[in-house]
Amino acid sequence: MDATIAELKPATLCACGKCGSTSLWEELFAIVEGKSFKSMNYTGPPWIHDLLNKKLWTNIEAKRRTDWSNFKDQDSFALIRDPKERIVSAWKSKVSCDLKAEIDEQRHVVPHLLNLVGPSSNITARTDKGFPCLDLSEYLAVLSQIHGQGREGLLNIHFLPQHLGCFKDVPPSMWTVVTTISGPNALCSLKSVVSKSTNNMSNTDDGCQMIKTHNYTRSVDLSRADEVILDRITSKEYEMLGQYLNNA
């Protein structure tokens, strides 16, 4: 992945949690730093997601966008994911009772979900595995109750609906690029948004695809009640992102 450092231009980038953001930032790192993130051999912080860390990101001046009035003055790139697939993926890595999940993070994530739904819920976390976790149906029921209370905007970034994240202030139609991590031109589109030069663009489909850091292939069994909840809590996301998901 090592490469010549690109000449950069101002750009706005956004990726929701569980949309492939790790892969996005690793590709961006290679573009702007001229080397792979893995070559840094970090086993702890700084994390690739911390674009404000100058020890790691030495060639960019990143800042959180708070003024959206001049958004159209520069190119932009937003990474999205199929909403239902994303919600299930978030459960697998952040909430599931599977020992392969990210247990350290679950100690914070699961209690936060249950705190959001409040005392009105009779759902409690399982602790028999030595860490708090929820079965899939319980997790979906908690999300359903949070959405029903109108508190979905307070969810952790891994569960926050995409229309309340990257597109809260600016609709997808105003972004230069809206793509999934598996989009056939995702990498070349990223390069075109952040780089002044197009010399490093690939003419092949494979050269324009992004890497995939996360690879969750374990299927899940959904009850009819689970499917109804997923339909309900993702309806606004599909309404906003449907055409972009179909074109990815």
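Helix H1 is mostly covered, with 13 of its 13 residues buried. This description rests on a predicted model. H1 contains 13 residues, and the distance from its first C-alpha to its last is 17 Å, close to the 18 Å expected at 1.5 Å a residue. The helix spans residues 21–33, and Ser21 belongs to it. After H1 comes Gly34, which has a positive phi, near 75 degrees.

Ser21 has a relative accessible area of 10%. Because this value is under the 20% cut-off, Ser21 counts as buried. When its neighbours within four places in sequence are left aside, Ser21 is in contact with Ala15, Cys16, His49 and Leu79.

A further feature of the model is the packing of two other helices. In general, two packed helices are described by the angle between their axes and the distance between the axes. For helix H4 (residues 136–148) and helix H6 (residues 224–247), the axes come within 10 Å and cross at roughly 35 degrees. The crossing in which H4 passes H6 is left-handed. On the H4 side, the contact is made by Ser137, Leu140, Ala141, Leu143, Ser144 and His147. On the H6 side, Asp226, Ile229, Leu230, Arg232 and Ile233 take part. Classified by residue type, the contact of H4 with H6 comprises six nonpolar, three polar and two charged residues. An α-helix has 3.6 residues a turn, so residues three or four places apart point the same way.

Methods: Residues numbered from 1 in each chain as written. Predicted model: local features only at pLDDT ≥ 70, side-chain atom pairs only at ≥ 80, totals over all residues. Heavy atoms only, no water. Helix = DSSP H or I, 4+ residues; strand = E, 2+ residues; numbered from the N terminus. Buried < 20%, exposed > 50% of the residue type's maximum accessible area, 1.4 Å probe, protein only. Contact = heavy atoms within 4.5 Å. Expected span 1.5 Å × (residues − 1). Axes fitted to C-alpha atoms, helices over the stretch in contact; angles between N-to-C directions. Left-handed = near helix turned anticlockwise from the far one by under 90°. Nonpolar A, V, L, I, M, F, W, Y, C, P; charged D, E, K, R; others polar.
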